[in-house]
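Hi everyone, thanks for coming.

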Amino acid sequence: MTSFAPYIVFLPFIGFLVLGLFGSRIKSEKLIGIIGSGVVGVSFAIAMAIFVQMVGEEPHARKHVVELFTWISAFTGTASSIHVVVAYQVDQLSILMTLIVTGVGFLIHVYSIGYMHGDAGFWRFFAYLNLFIFAMLNLVLADNFLLMFLGWEGVGLCSYLLIGFWYDRKFDVGGYAAGTATTNDAARKAFIVNRIGDFGFILAMLLIFHTFGSLRFDSVFNGAELMSIGNQAAFWITLLLFVGATGKSAQIPLFVWLPDAMAGPTPVSALIHAATMVTAGVYMVARCSILFALAPTTLQVVAIIGALTAIVAASIGLVQNDIKKILAYSTVSQLGYMFLALGVAAFSAGIFHLTTHAFFKALLFLGSGAVIHAMHDEQDIQKMGGLKKYLPTTYKTFLIGAIAIAGIFPFAGFFSKDEILWKAFSSEHGSVVMWAIGVIGAGLTAFYMFRLVILTFEGTFRFGEEVHPHEAPKTMTVPLIILAFLSLVGGFIGVPKSFFGNNMIEHWLAPVFEPASTKLLLIEEGVHATEYVLMALSLGIAAAGIYGAWKVYTKRPDIAESLRNKYTKVYSLLLNKYFVDEVYDKTVVGPTVKLSEKLLWKGFDVAVIDGALNGMASLVSVTALWFRKIQTGIAQTYAVVFVGGIVFVLAWLILK
Amino acid sequence: MIEQYYPIFVMIAGGVVFGVLMGKVNEFLGPSRPTEEKSSTYESGMEPIKTARERFSIKFYMVAMLFIIFDIEVVFLYPWAVSYKQLGIQGFVTMFVFIAVLLVGYIYVWRKGALEWD
Amino acid sequence: MSLNIADFVSSSPLMAVTATALLLILVEASRKGRPGLSFTLSMAGLFAASVFAVVNYSDEQIVFFGMLRQGWYANFLNLVFLSAAMLTVLVSKPYLERQGAHRGEYYILILFATIGMMFMAGANDLIVVFLGIELMSLCLYVLAGFFRTKDTSNESALKYFLLGAFATGFLLYGITLIYGTAGTTNLEAISKNLPTLSSQWMFMVGVGLLLTAFAFKVAAVPFHMWAPDVYEGAPTTVTAFMSTGAKAAAFATFVLLFHQVFQFTGSKVNDLIAYIAAASMVLGNVIAIAQANIKRMLAYSSIAHAGYMLSGIAAGNSEGQTGILFYLVAYTLMNVGAFGIVGLMEKVDDQNLQLDDYTGLSQQRPFLAALMAIFMFSLAGVPPFAGFFGKYYVFLSAVKADMTWLAVVGVMTSLVSAYYYLRIVVLMYFRDGKGDVAAQPAIPALVAVTSSAILLLQFGIFPSFIVNAVQKLF
């Protein structure tokens, strides 16, 4: 069955080809929708079948590599030998990712049929989505760094295309003056910021090839197992890889693109900028766990960046008013949690949170899509309110998502987040400070999520009479219900020992992370009394957050008002996202533009390059003129030159 | 080394002497009654001194080319005929193929009318 | 020594093309004015020969009394020649029809030229090399002058013939000198005695004369003078065939002689070749910039490409051989493609041959413009097209042979070349056209250029397909 793995990858590509080539001729939206979501659905079915088969196998025999063809192969046996094989690796980690990508992806495809109804670019949208799934599957199923990088770039490209899908719409992009930017600028910003991260990835790849002489996961990781902790090369490789991860997964300092990526259609935000693509960095670090295990310093960096991102993004989320931007900051924050988990060497906890997050964040985004749909493209929650009357299904599912992300027992987020917090506390790579940051972040999360829920669904209407909200069609609500169900029960795959579970996901992933755990001498701990105390504490803080939101936004709106007035500085700091965009603009973007304009363009380009080029050009024309004199068109002249050549050749051969 | 070539030198010397001798003998013994036509370079009446940039009919070239091509054939055929016995059936087949290929060309030339003067 | 069936079987591609050519002569003799039939038959024959070449892609064996060497090397190149011939035939039919010169003899000449090329690649004797070169060249002289009523075509043919005959003289003299010192024209025998031979200056003069003759055939500086005039004047499709098939054949023999027989790696001979290569790259690329006629521009570009490939010869290592052979495949595809499109664009009386005529092509003929852009990108050596890997391999080989300077010259001149290749792309895509581009897309020609483009992309993305096939050769 595992030999069918390539079909998982190629079916969406076929969908892309069909829709991309003939999409504009297919008149029926229904047919386009069926093709677009059908291929992903079939991919999911195949992935499921493979998964079922793997369950029946020995834990250590669950890794399968399917070789397709040799991509680049040259000079075998010489020092310059290059050998790159297109091969897919199916193991516990990659099949899990595949299930998430195709499963959640399928639901979002179905949802999009309703959401994108009537859009002029309907076929284009589905073609891009299929292409994205193809690229993402290449990323997670690749068995070498090069193919993974190809997928990595591919998802970046699709992200770019989809953020700017409505390329002519106005959109406020951070760093641009209000009203001047379009979605296109948002797309470009995402692309450019990602390029910085990609640069790290490329350098890491070169370094890996230099160190291990191969780009295949097997050879690299086997080689890494033989190294000792603190290896210099491993440090640089992992650091560079992490730079790549901060770009794709929107971590400090490269997180600025993700909130602006909300310019894309909402299903895109759900699929790419919440459930799948942005978690690529997490997946990549988890995949390279053995390399990171060799570099405790990098792990430290990962943990610190993760924790910082978690709390910074959560604090920004407190005061935003755009429904999607709140969710975007929430995503950045949750990704921070995942990196925190990875940083304290709790790799499976990170992947666990990735999984549950895919469920509830996709749910929240799709729910917000339904709201936006109902409100005729209004995204400001200040102008909503009381929507639960009009959108009962959306409201219920959204509420489930919010409870899940707030981390209330027994919803999915509770188990995964608590696993991370406990590991941050107990692991020798973690610390109390990190735990504390995580808990505070959790409280903030609960607060801003319920602020969002209350302002949107509860209270009185704050919209004009011309708006008549209506519940979304079936194609949109059914995915919501399924995702809500998953958000409700998704956590049970990782019930820890302290809850008398056996943490299935950790056991499932254990063989993948075994080399890293062995290297770091991680020991499986038993049930700990402290764990219950901490759990109760974080649960209490989350509940407090919810209560606070309820109190402030339903009973005492004056509290919010007075706080805002009292702490104007803080408020404006948060509202303006710590002025990160402005700081980047002043310190990086501005000087770069200045430098390139003044020095590189006017100075280097115009004076040196153009000068050299013009010089070259006149040299060329002089030479050409000279040669035109020889190129007389008379055959005898040619023969004379020929003879001259012969004389030179013979003289060289005889006299030299 | 050089001795091997004596017969050739003798041959060359003999040839030169014989050629010159014959010419001179003719000059002495033959009657000489020149007329204007007889004194011209070509008795056929062709004018030898005029502009060299004259156009010839392509027909002359065609004939000359075809002659050379089919004449070369003889150059191959002659040694083959001499050693026919030694070459045996293999030689026969080889030459047969050669002639057949040539024949194809001949048919082409013929059908295209290259052998007709007008 | 005797003939047997195996000799014929192993050289079946050669036999197939020869038989087709003879058949075509008879067809032409029996029925007047049925060039369509000749077209079909020649395609069939070339295709059959390609199939034979694939089937016979196996161990090398010496056949026909030590005259021919058939196997991997010969058949790899046979496939290149046959593809060049097939693509040329495909683009030629509509072109000739439009130019009012569609005659069956055209295909016969193409086939015989192909036979000559196949002899060159499969030669195991200098005499066969000479025969192949002459057979190929004579056909090409006639083909260059195929438009009998056109002055430019006649000029092209005459110049090519005069200078070609000149070069042939030196080639023959070189062979004579080698025969005089080695006592044999058999390549294996020469290879065996090489250590003693290469110290004799007479032998080296022979080698030098061979070098000049082949440098002439591939149009390398300073033996390149004929190329621009001939390429410009000849019918466009003939130029396509000349610049790919004939060049590939000359390089096939070049590799055969200078890599496998003479093996002067690291000697002054290779230094000399490196200088010729560098001069060709510089001169070809620089002068190409100044051209306004697209055929002439491609002619200079072809001189430059000869220079790139010669770098592989100069390097003299296995990477160089791989590089040249890969390059030949890529170059054949992209040049036939480019000339094919030029042929489609060309109107009667040499109209539409200026670079300016391509202005705004993307608006009127988006498909043709896209294909042309692919060929231009590939010629410029932009990934992911095959042209990139061709350059990559030859430059890599130069670096490995401690000729880094040559690779540097190559890369620099490639950058220069990007200017004139991409200018066409710019003209096609970023300028508004005059609106009277009269390209008449015809099915056979479109099939040819499209498949060239697809193959370029395929070999560019999966170069190992060719590289693996080539690495069997050595």
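**A quick tour**

Let's start with one residue: C:V55 sits in helix α3 (residues 35-55) of chain C. Helices here are DSSP runs of H or I with at least four residues, strands are runs of E with at least two, and both are numbered from the N terminus.

Before I go on, some housekeeping. This is a predicted model, where local features need pLDDT of at least 70, side-chain atom pairs count only at pLDDT 80 or more, and totals for chains, interfaces and linings use all residues. Residues are numbered from 1 along each chain as its sequence is written, while chains are lettered from A and ligands numbered from 1 in the order in which they are written.

Back to C:V55: is this residue buried or exposed? It's exposed, with 12 other C-beta atoms within 10 Å. The cut-offs, with C-beta atoms placed from the backbone, are these: 20 or more other C-beta atoms within 10 Å is buried, 12 or fewer is exposed, and in between is partly exposed. C:P13 is 42 residues away from C:V55 along the chain, with 9.6 Å between their C-alpha atoms.

Now C:D7, in helix α1 (residues 5-10) of chain C. This one counts as partly exposed, because it has 18 C-beta neighbours inside 10 Å. C:D7 touches C:V63 and C:F64, leaving aside residues up to four places away in sequence; touching, or being in contact, means C-beta atoms, placed from the backbone, within 7 Å. C:D7 and C:L68 are 61 residues apart in sequence, yet 9.2 Å apart C-alpha to C-alpha.

On to chain A. Its secondary structure comes to 25 helices and 2 strands, and 52% of its 656 residues are buried. Take helix α5 (residues 145-163) of chain A: 14 of its 19 residues are buried, so to speak mostly covered.

What about the inside? A nonpolar core here is a set of buried Ala, Val, Leu, Ile, Met, Phe, Trp, Tyr and Cys residues joined through C-beta atoms within 7 Å. The largest has 216 residues, and A:F132, A:M136, A:L241, A:V285, A:L340, A:A362 and A:L366 touch the most other members. Helix α4 (residues 122-141) of chain A gives the most to this core, with 17 residues. A second, separate core has 203 residues, including A:F642 and C:M309.

How do the chains meet? Chain C brings 31 residues to its contact with chain A, and chain A brings 28. On the chain C side, that's 23 nonpolar, 4 polar and 4 charged residues. By our classes, Ala, Val, Leu, Ile, Met, Phe, Trp, Tyr, Cys and Pro are nonpolar, Asp, Glu, Lys and Arg are charged, and the others, Gly among them, are polar. Between chains B and C, 8 residues of chain B are in contact with 8 residues of chain C.

Last stop, chain B. Helix α3 (residues 58-82) of chain B has 25 residues, and the number buried is 0, so this helix lies largely in the open. Chain B has a mean pLDDT of 85, with 99% of its residues at 70 or more; pLDDT is the predictor's confidence in each residue, from 0 to 100.

Definitions and conventions
Contact = placed C-beta atoms within 7 Å.
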